Amino acid sequence: MEIIIAAPQSDSHVVAISLINDFLELIGVKTHYLGACCSVDRMAECLSQNKGVTHIVISAANGHAVADLQGLTELKAKYPVQVFLGGKVDLSSGDSAEACYKKIKGVDKYFGDIQALTHHFSCLCEQEANLCKSL
Ligand code: B12
């Protein structure tokens with residue numbers, strides 16, 4: 001399992017992405033940690049160089065994810081990846097994070113906490129391992 005971890009283009013908060021990177025590495029996920037202030041173009045560049053990447057995990061903190069993440073649909077038309085988002089998506093609107101994430105085209109799922117995300121990837125890794133054994 002190989003994934004990208006990043007914060008959106010205008011977002012300089014690094015603590016959550018760093019924690020997520022550590023948790024996922026611990027369960028055996030190979031991570032490409034692109035860090036904070038990462039543009040969608042930079043994510044696409046990484047995908048073009050790493051064909052095994054299946055997911056992009058994005059952490060939003062500063063509330064500008066809706067504007068920052070324009071372009072995900074075009075990226076997904078080119079690369080077959082799933083995009084997971086978590087954090088504070090858009091507090092200015094007063095909507096919940098779960099409601100806000102739906103405003104961002106190209107995001108497949110919003111995760112409320114890191115534990116749920118880690119559990120999800122842990123199940124995916126197990127499925128991948130079982131598939132390899134059966135081949
Ligand atoms: C530290 C901090 C900073 C530091 C960041 C240092 C760094 N390089 O990381 C500095 C001082 C640079 C900073 C700057 C700013 N900040 Co600031 N910052 C914080 C602060 C105090 C802590 C953030 C943090 O690290 N938390 C620890 C991590 C572990 O928690 P977390 O980010 O909340 O993530 C948790 C969950 O949300 C979730 N999660 C997060 N992402 C993801 C992703 C996935 C996939 C999943 C499953 C879960 C998940 O899991 C984490 C653990 O529970 C928060 C306030 C707060 N107490 O939360 C404000 C806060 C995030 N900042 C805020 C703001 C507004 C700013 C500035 C705009 C301030 C300014 N006027 O300059 C700038 C923006 C800079 C930028 N370009 O992004 C606001 C954002 C408001 C919003 N979203 O609407 C906050 C919430 C403060 C506030 N209450 O107003 N900030």
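This is a predicted model: local features need pLDDT of at least 70, side-chain atom pairs count only at pLDDT 80 or more; totals for chains, interfaces and linings use all residues.
View 1. How far apart are the end C-alpha atoms of helix 6? They sit 30 Å apart, and that agrees with the 30 Å its 21 residues should span at 1.5 Å a residue. Helix 6, residues 114-134, also gives two or more residues to the shell around the ligand.

**View 2. Around the ligand.** Here we zoom in on the 24 residues that surround the ligand, with Val15, Ser59, Gly63, Gly86 and Gly87 the closest. Besides helix 6, the elements giving two or more residues to this shell are helix 1 (15-26), strand 3 (55-60) and strand 4 (82-87). Sorted by class, the shell holds 13 nonpolar, eight polar and three charged residues.

**View 3. Strand 3, wrapped up on both sides.** Is strand 3 largely enclosed or largely open? Six of its six residues are buried, so strand 3 is largely enclosed by the rest of the structure. In a regular strand, side chains alternate between the two faces of the sheet. You can follow that here: His55, Val57 and Ser59 point one way, while Ile56, Ile58 and Ala60 point the other, and all are buried. Strand 3 runs parallel to strand 1, joined to it by four bridges, and Ile3 stands opposite His55. Strand 3 also pairs with strand 4, again in the parallel sense, over six bridges; look for Ala60 with its bridge partner Gly87.

View 4. Nonpolar side chains tend to be buried together in soluble globular proteins. The largest nonpolar core in this model has 34 residues, and Ala6 and Leu85 have the most contacts inside it. Strand 1 (2-6), helix 1, helix 2 (40-49), strand 3, strand 4 and helix 5 (97-101) each supply at least two of the core's residues. Which residues does Leu85 touch, leaving aside neighbours within four places in sequence? Leu85 is in contact with Ile58, Ala60, Ala65, Tyr101, Val107 and Tyr110.

View 5. Gly35 belongs to strand 2, residues 30-35, and counts as partly exposed because 14 other C-beta atoms lie within 10 Å. Setting aside neighbours within four places in sequence, Gly35 is in contact with Ala6, Val14 and Ile17. Cys37 is in the loop between strand 2 and helix 2. Cys37 has a positive phi of about 50° although it is not a glycine. With 16 C-beta neighbours inside 10 Å, Cys37 is partly exposed.

Methods: Residues are numbered from 1 along each chain as its sequence is written. A residue is near a molecule or strand if its C-beta atom, placed from the backbone, lies within 6 Å of it. Ala, Val, Leu, Ile, Met, Phe, Trp, Tyr, Cys and Pro count as nonpolar, Asp, Glu, Lys and Arg as charged, and the others, Gly among them, as polar. The expected span of a helix is 1.5 Å times one less than its number of residues. A nonpolar core is a set of buried Ala, Val, Leu, Ile, Met, Phe, Trp, Tyr and Cys residues joined through C-beta atoms within 7 Å. A residue is buried if 20 or more other C-beta atoms lie within 10 Å of its own, exposed if 12 or fewer, and partly exposed in between; C-beta atoms are placed from the backbone. Two residues are in contact if their C-beta atoms, placed from the backbone, lie within 7 Å. Two strands pair if DSSP finds at least two bridges between them.
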